[in-house]
Amino acid sequence: MDQTKTSGKIGVLLVNLGTPDATDYWSMRRFLKEFLSDRRVIETNRVLWWFILNGIILTVRPGRKGKDYETIWNRERNESPLKTISRSQAEKLAAHLKGRNVETDWAMRYGNPSIPSRLTALYEAGCERVLIVPLYPQYCAATTATVADKVSETMAGMRAQPTLRFVPPYYDDSVYIEALAKSCEASLAKLSWKPDMLLASFHGIPQEYVDKGDPYQSQCLETGRLLRERLELDDMTFRTTFQSRFGTAEWLKPYTDETVKSLPGQGVGNLAVVMPGFSADCLETLEEIAGENAEYFHHAGGRNFAAIPCLNDSDEGMKVIVHLVERELQGWV
């Protein structure tokens with residue numbers, strides 16, 4: 001590509017985790033292979049993991065996960081909800097920044113549109129400076145850091161490079177906490193029943209990663225504490241848990257699924273779950289929490305269950321994204 005001339009524009013690239021292109025076996029296999037081959041995501045011995053991944057996981061898991069994605073697939077657009085929402089977030093941000101010499105785009109760390117393709121597109125559109133916005137409120141090496149890895153890998157292939165900035169983790173940002181609180185209040189106000197408990201479920205990671213120094217757990221707990229205090233709840237009516245574990249290793253506890261199964265026996269008949277670590281609804285929120293965990297709760301004797309939508313491209317959600325972007329663009333725009 002021609003990297004000899006730019007026009008001084010500013011680029012903003014929103015980045016989320018990723019999505020398969022379709023729900024069929026081979027589309028799922030490509031997505032899972034890229035995701036599970038990342039050394040930031042899986043830190044197991046590489047030789048051992050190669051045999052596990054290629055001999056077992058990529059044989060069995062694509063079919064199973066494809067069926068899960070089928071339950072939430074956006075059939076009108078033939079894409080995952082994460083892709084639909086991410087596109088809308090970028091479009092709404094672009095509308096807000098219109099007239100400021102800013103190009104706005106979006107990418108997925110795994111799958112399409114890829115970080116290399118969109119970062120290159122921004123450069124070719126004349127962006128001399130680019131703000132990377134990893135939409136992960138809490139830092140984790142397996143999410144935030146791997147975005148930086150992929151951006152650096154892309155930059156390594158460019159002779160002329162744009163100047164970069166990264167939005168830092170925003171787990172304790174007051175605008176983010178307020179948006180979460182207002183989203184919870186609005187969703188709970190629509191229910192015909194009152195929850196006995198609000199569960200804040202974050203994506204889990206192996207305990208070993210935290211033991212090695214990853215700050216993810218502490219940041220999740222801080223988000224939970226700030227949200228609990230803002231909603232004026234106590235430890236009996238608000239708990240923080242971790243979801244989405246797989247494999248035999250110990251992950252961050254308490255586990256969401258085990259907690260959900262136990263709550264009816266503790267007198268919790270009405271449960272609402274919020275997922276503050278996800279900036280957009282996806283498989284883990286729509287299928288795992290709203291579907292799978294709702295079933296766990298009802299089978300254990302629970303009466304009412306509600307999964308509170310993520311901030312997504314809602315007014316509150318866009319306030320967070322706009323706030324972060326405008327703050328980090330200071331001095332550039």
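**View 1. Arg 245 sits over the face of Tyr 255 in this predicted model.** The distance from Arg 245 to the ring centre of Tyr 255 is 3.8 Å. Another arginine, Arg 61, lies over the face of Phe 246. Here the distance to the ring centre is 5.3 Å.

**View 2. Phe 246 pairs with Trp 251 in a tilted arrangement.** Their centres are 5.7 Å apart, and their planes make an angle of 55°. Phe 246 is partly exposed, at 30% relative accessible area. Trp 251 has a relative accessible area of 8% and is therefore buried, the limit being under 20%. Phe 246 is also the ring that has Arg 61 over its face.

**View 3. Trp 50 and Phe 51 form an edge-to-face pair.** The rings are 5.2 Å apart, centre to centre. The angle between the planes is 85°. Both Trp 50 and Phe 51 are exposed. The count of aromatic pairs comes to 9. Elsewhere, Phe 31, Phe 35 and Tyr 110 form one aromatic cluster.

**View 4. Leu 93 is a member of the largest nonpolar core.** This core has 84 residues. Val 12, Leu 14, Leu 93, Leu 271 and Val 325 touch the most other members. Which residues does Leu 93 touch, not counting residues up to four places away in sequence? They are Val 12, Leu 14, Thr 104, Met 318, Ile 321, Val 322 and Val 325. In soluble globular proteins, nonpolar side chains tend to be buried together.

**View 5. The largest cavity holds about 130 Å³ of space.** Its lining comprises 20 residues. Tyr 176, Phe 278, Ser 279, Leu 311 and Asn 312 are the closest to the cavity centre. At least two lining residues come from α6, and at least two from α11. The search of the whole structure finds 2 cavities of 30 Å³ or more.

View 6. Is Phe 278 buried or exposed? Phe 278 is buried, with a relative accessible area of 12%. Leaving aside neighbours within four places in sequence, Phe 278 is in contact with Ser 201, His 203, Gln 243, Glu 284, Thr 285 and Cys 310. Met 236 is 42 residues apart from Phe 278 along the chain. The C-alpha atoms of these two residues are separated by 24 Å.

View 7. Asn 312 lies in the loop between β8 (304-307) and α11 (315-328). With 11% relative accessibility, Asn 312 counts as buried. Beyond neighbours within four places in sequence, the contacts of Asn 312 are Ile 85, Gln 89, Ser 279, Ala 280, Asp 281 and Gly 317.

View 8. Which residues line the second largest pocket? The lining consists of Glu 185, Leu 188, Lys 194, Pro 195, Asp 196, Met 197, Leu 198, Leu 231, Leu 233 and Thr 237. Two or more of the lining residues come from α6 (174-189), and two or more from β5 (197-203). The helix α6 also supplies at least two residues to the lining of the largest cavity.

Methods. Residues numbered from 1 in each chain as written. Predicted model: local features only at pLDDT ≥ 70, side-chain atom pairs only at ≥ 80, totals over all residues. Heavy atoms only, no water. Core = buried A, V, L, I, M, F, W, Y, C linked by side-chain atoms within 4.5 Å. Buried < 20%, exposed > 50% of the residue type's maximum accessible area, 1.4 Å probe, protein only. Contact = heavy atoms within 4.5 Å. Phe/Tyr/Trp six-rings, centres within 6.5 Å; stacked < 30°, edge-to-face > 60°. Lys NZ or Arg CZ within 6 Å of the ring centre and 35° of its normal. 1 Å grid on protein atoms, 1.4 Å probe; cavity = no way out; pocket = protein on both sides within 12 Å on 5 of 7 lines; lining within 4 Å. Helix = DSSP H or I, 4+ residues; strand = E, 2+ residues; numbered from the N terminus. Points joined across faces, edges and corners; volume = space filled by probe spheres on them.
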